[in-house]
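Welcome! Please keep the 3D view open as you read.

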Amino acid sequence: MRTPFIAGNWKMHMDRAEAKALAQAMKTELAGVPHKLMVAPPFTALETVGAVLQGSNILLGAQNMAPATSGAHTGEISPLMLKDLGVSVVILGHSERRHSYGETDALINEKVRLALQEGLEVILCVGETLEEREANRVNQVVETQMKEGLKGVTADQLENVTIAYEPVWAIGTGKTATPDDADAVHTTVRAIVADLYGADEADKMVIQYGGSVKPDNVKGLMGRDNIDGALVGGASLKTETFVPIAQFDR
Ligand code: PEP
């Protein structure tokens with residue numbers, strides 16, 4: 001009953017011409033796919049890609065945003081600017097933002113609340129490092145990131161939130177969590193949502209898996225009850241790999 005959601009994070013790749021060509025190819029090849037689809041190009045290509053995707057079944061996403069609507073925030077991009085470019089979804093709390101740029105749960109929560117207040121959908125990323133996994137702290141880490149990240153978010157706003165479980169050790173490394181490993185954490189994530197918002201909200205929550213999703217492992221992952229989609233990095237940069245992922249069939 002949950003609509004699968006496949007999202008591509010293009011990270012800091014592609015100039016406008018390259019992004020335009022990729023968006024055009026995806027628009028053509030993904031027409032008619034029944035899943036919810038999104039791509040998040042770099043800020044510099046949002047306008048170009050947004051123009052291509054108009055009238056398509058692919059949503060325009062952004063990879064980050066400022067925790068403020070305007071003002072003295074050198075180098076930042078506000079949710080209003082994103083909406084002005086046709087963005088409808090924003091990825092927040094990606095592990096690269098947490099670990100390479102020092103984003104804290106408190107900052108991510110400010111962004112989550114503002115994005116929802118401004119009518120953007122949010123993909124909130126959570127996930128443990130290898131050290132945390134080896135220390136048996138996966139559930140604790142994910143619980144803290146979710147509780148802090150969702151602080152102040154109402155049950156009504158929750159329909160605009162997707163959780164992406166992305167074990168940091170699996171991102172860009174070619175190491176995918178096994179369907180069993182991923183499903184175990186997804187089950188925990190859903191239990192945390194139930195704890196915070198009740199069983200009905202937990203049932204509705206779309207939980208993506210992210211971490212080296214590829215055409216040859218997508219079916220095994222999506223076959224699990226609690227895995228509702230994927231947040232895809234490297235494999236979202238080529239139609240040969242993103243199209244078969246986005247077209248997955250259980
Ligand atoms: C990501 O960056 O969110 C991601 C999952 O990357 P990759 O698919 O390359 O592991």
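## Before we start

A residue is called buried when its relative accessible area is under 20%, exposed when the value is over 50%, and partly exposed in between, using a 1.4 Å probe and protein chains only. This is a predicted model, in which local features need pLDDT of at least 70, side-chain atom pairs count only at pLDDT 80 or more, and totals for chains, interfaces and linings use all residues. Residues are numbered from 1 along each chain as its sequence is written, and side-chain values use heavy atoms, with hydrogens and water left out.

Helices (H or I, at least four residues) and strands (E, at least two) are DSSP runs numbered from the N terminus. Two residues are in contact when heavy atoms lie within 4.5 Å.

## Around the ligand

Let us begin with the ligand. Here a residue is near a molecule or strand if one of its heavy atoms lies within 4 Å of it. There are 14 residues around the ligand, and Lys11, Glu166, Gly172, Ser212 and Gly234 come nearest. By class, this shell has four nonpolar, eight polar and two charged residues. In that count, Ala, Val, Leu, Ile, Met, Phe, Trp, Tyr, Cys and Pro are nonpolar, Asp, Glu, Lys and Arg are charged, and the others, Gly among them, are polar.

Polar contacts are pairs of N or O atoms within 3.5 Å; within protein, one atom must be able to donate a hydrogen and the other to accept it, and residues adjacent in sequence count only if both atoms are side-chain atoms. The side chain of glutamate 166 has an N or O atom 2.6 Å from an oxygen atom of the ligand. Serine 212 places a backbone N or O atom 2.7 Å from a ligand oxygen, and for a backbone N or O atom of glycine 233 the distance to a ligand oxygen is 2.8 Å. On its own the ligand has 290 Å² of accessible area, and the protein covers 97% of that. Such areas come from the Shrake-Rupley method with a 1.4 Å probe; for residues, only the protein chains shown count as cover.

Lysine 11 sits in the loop between β1 and α1. Is lysine 11 buried or exposed? Its relative accessibility is 19%, so lysine 11 counts as buried. Lysine 11 also has a positive phi of about 50 degrees, although it is not a glycine.

## One side of helix α11

Helix α11 spans residues 239-246, and its buried residues are Thr239, Phe242, Val243, Ile245 and Ala246. These residues are on the same side of α11 because they cover an arc of only 165 degrees around the axis, the arc being that of the directions from the helix axis to the C-beta atoms. What do they pack against? Their partners are β1 (5-9), α1 (16-29), β2 (36-40), α10 (218-222) and β8 (229-232).

Arginine 2 belongs to the segment before β1 and is buried at 17% relative accessibility. A polar atom of its side chain lies 3.0 Å from the backbone oxygen of aspartate 225, and the side chain also makes a polar contact of 2.9 Å with the side chain of aspartate 228.

Asparagine 226, in the loop between α10 and β8, is buried too, with a relative accessible area of 15%. Apart from neighbours within four places in sequence, asparagine 226 is in contact with Arg2, Asp183, His186, Thr187, Arg190 and Ile207.

## Glutamate 118 and leucine 80

Glutamate 118 lies in the loop between α5 (105-117) and β5 (121-126), and its relative accessible area of 18% makes it buried. Not counting residues up to four places away in sequence, glutamate 118 touches Thr69, Pro79, Leu80 and Lys83.

Leucine 80 is part of helix α3 (residues 79-84) and is partly exposed, at 38% relative accessible area. Leaving aside neighbours within four places in sequence, its contacts are Thr69 and Glu118.

## Two exposed loop residues

Asparagine 136 is in the loop between α6 (130-134) and α7 (138-149). Asparagine 136 is exposed, with a relative accessible area of 70%, and its phi is near 55 degrees, a positive value in a residue other than glycine.

Proline 34 lies in the loop between α1 and β2 and is exposed, with a relative accessible area of 68%. Its C-alpha atom is separated by 16 Å from that of glycine 223, 189 residues apart along the chain.
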